[in-house]
Amino acid sequence: MRKEVNMKALQIRNLKKSFRSNFLLKTYQILKDIDINVEEGEIYGFLGPNGAGKTTTIKCILRLIYPDNGEIEIFGTPHSQLASRKKVGYLPEHPYFYDYLTGKELLLFTGRLFSISPKESASRADELLRLVGLENKKDLKLRKYSKGMIQRIGLAQSLINDPDLVILDEPFSGLDPIGRKELRDIILSLKGAGKTIFFSSHILQDMELIVDKVGIIQEGRITREGKLSELISHSVQSYETLFSGLDEAILKEHKIQFQLRDRNFLVVSPGKEEANSLIQLITANKGNIISVSPIKMTLEDIFLKELK
Amino acid sequence: MNLKAIALNTFKEAVRNKVFYLLIVVGILFALSSQIMSMLTIGDKVRVLKDFGLAAINFFCVLIAIFTGINLVFKEIDKKTIYNILSKPISRSNFILGKFFGLALTLLVALVSMGVIFYIFLLISTGSFDIRIAVYFLMLYFELLVITAISVLFSSFSTPILSSIFTIGLYFIGHIVWTFNEFKHVLQDKAFEKIVAYSIYYILPNLEKLNIKNIIVLNTPLDWTLLMNSVLYAVCYISAVLILAILIFNKKDFQ
């Protein structure tokens with residue numbers, strides 16, 4: 001049914017939110033205009049510097065914070081309806097759980113919040129404890145968990161209801177490289193199971209490896225949103241051509257700037273046409289082309305460019 | 001369903017806290033120490049036994065109600081555990097009610113533990129079984145529920161220190177607020193003062209309505225109609241306070 005009408009997993013339109021400072025003296029607009037479109041089954045990376053409004057946006061989606069303006073729909077259901085959260089899993093940034101509970105008790109309790117039967121919760125909890133590698137620590141109280149273990153149990157509780165949309169706020173923070181790799185694998189396996197994942201991060205490397213779509217938020221506005229493949233393929237910045245066997249004078253005559261690398265020339269052409277005419281010039285003068293490399297923008301370059 | 005989950009979890013939190021057991025044990029010890037007080041008394045020893053014992057149980061139950069209650073919601077916000085709860089399909093009203101009923105269950109367990117031991121102790125000391133004391137405990141339980149509702153209300157918007165000041169203040173005022181109703185005799189022609197006195201009388205909790213210690217201790221007969229009215233008053237007051245707490249909580253942003 002959903003697929004027939006091409007329903008979005010998450011749609012945010014014109015979201016605005018401001019907070020009052022103490023004593024009602026001044027208003028700070030945190031979210032100025034947020035539009036986000038997350039399609040079903042994709043991994044959406046929500047990127048932005050600290051204080052840009054990532055967590056506030058996520059809290060608005062889950063109605064921990066009430067928006068001033070705008071519409072938020074989760075699988076077509078307005079977020080103001082409790083039912084919209086039935087199929088959502090959420091891992092908060094720096095998650096805090098009841099530390100007097102054991103890992104397994106937390107999962108069972110979370111299951112009850114979703115009105116899942118105790119039997120189903122128990123079997124799901126065991127499965128998730130295995131998934132996050134905590135089956136040996138399931139009877140340990142959470143106050144004895146390390147930061148990384150809390151992050152893992154947090155991920156497990158966010159999946160207890162077999163959610164269709166998983167919202168993860170800075171899930172990579174506090175994880176060591178192995179933990180990050182494991183989390184990436186879990187996210188990819190969730191996508192493989194048809195789930196939609198929306199996560200915020202400032203760790204670009206992790207994001208670049210797994211996301212389908214990126215939304216960049218800056219000072220409370222979405223400044224760029226698009227498929228990662230499109231953002232990156234449209235962003236070939238320049239072409240580097242490495243060649244030899246040409247007289248320096250020819251390059252100077254055509255006013256081509258070059259660098260010397262060992263005995264080879266390196267020329268950076270700003271566009272495709274310039275690169276083509278350079279290649280023609282080299283072949284016409286019987287030079288040897290060693291390599292032509294398109295220099296693409298990384299997600300980091302795109303991100304930094306947006307910030308400027 | 002999820003209200004029950006919140007309530008049971010609140011209960012679990014309380015019973016996993018060692019301070020809870022400490023307060024019950026100290027409460028029982030104080031109640032039992034009434035034996036010493038009665039030995040030092042000339043006259044009606046049973047009366048002193050009951051008077052001091054019931055006062056000790058009352059004091060420690062009120063202590064549990066206030067100091068657990070004021071942290072109930074504030075701690076969830078302060079420790080950020082609330083993000084994980086309210087992001088699930090659970091309404092804010094169910095969260096508040098779940099917290100209230102969880103503490104109500106905790107207090108029931110505390111009161112029953114102290115009460116049963118005190119009953120056994122009385123049976124051994126006096127050789128008689130006074131069923132009226134159970135009525136006292138029932139009325140005390142309703143008083144505790146009023147205090148819990150008030151502390152939940154304060155806990156939903158202020159810090160534990162302020163909440164404890166407000167709740168303790170209201171607890172003491174609650175036991176003397178009936179005097180404002182007596183002002184009608186004194187303030188016959190002063191309309192404004194009368195309105196103020198009546199407002200205070202009707203807005204603040206009249207906890208003395210639920211205090212039947214003197215009736216029990218002095219062996220005066222119980223007025224069942226009055227008791228039913230008092231219970232009804234407590235239920236209405238608790239409902240009103242919880243509705244107010246929910247209204248405040250519903251407006252909150254959790255930044």
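This is a predicted model: local features need pLDDT of at least 70, side-chain atom pairs count only at pLDDT 80 or more; totals for chains, interfaces and linings use all residues.
Residues are numbered from 1 along each chain as its sequence is written, while chains are lettered from A and ligands numbered from 1 in the order in which they are written.

Helix α2 spans residues 103-113 and helix α3 residues 118-131 of chain A, and their axes come within 9 Å and cross at roughly 135°; helices here are DSSP runs (H or I, at least four residues), numbered from the N terminus, and axes are lines fitted to C-alpha atoms over the stretch in contact, with angles from 0 to 180 degrees between N-to-C directions.

On the α2(A) side, the residues making this contact include A:L107 and A:L108, and on the α3(A) side A:L128 and A:L129 are among them, where contact means that C-beta atoms, placed from the backbone, lie within 7 Å.

How much of α2(A) is buried? Of its 11 residues, 10 are buried, that is, with 20 or more other C-beta atoms within 10 Å of their own. Those buried residues pack against α3 and α4 (147-158) of chain A, together with α1 (2-15) and α6 (81-86) of chain B.

Turning to the two chains, 22 residues of chain A are in contact with 21 residues of chain B, and the largest share of the chain A side, three residues, comes from α2(A).

Technical notes:
Helices (H or I, at least four residues) and strands (E, at least two) are DSSP runs, numbered from the N terminus. A residue is buried if 20 or more other C-beta atoms lie within 10 Å of its own, exposed if 12 or fewer, and partly exposed in between; C-beta atoms are placed from the backbone.
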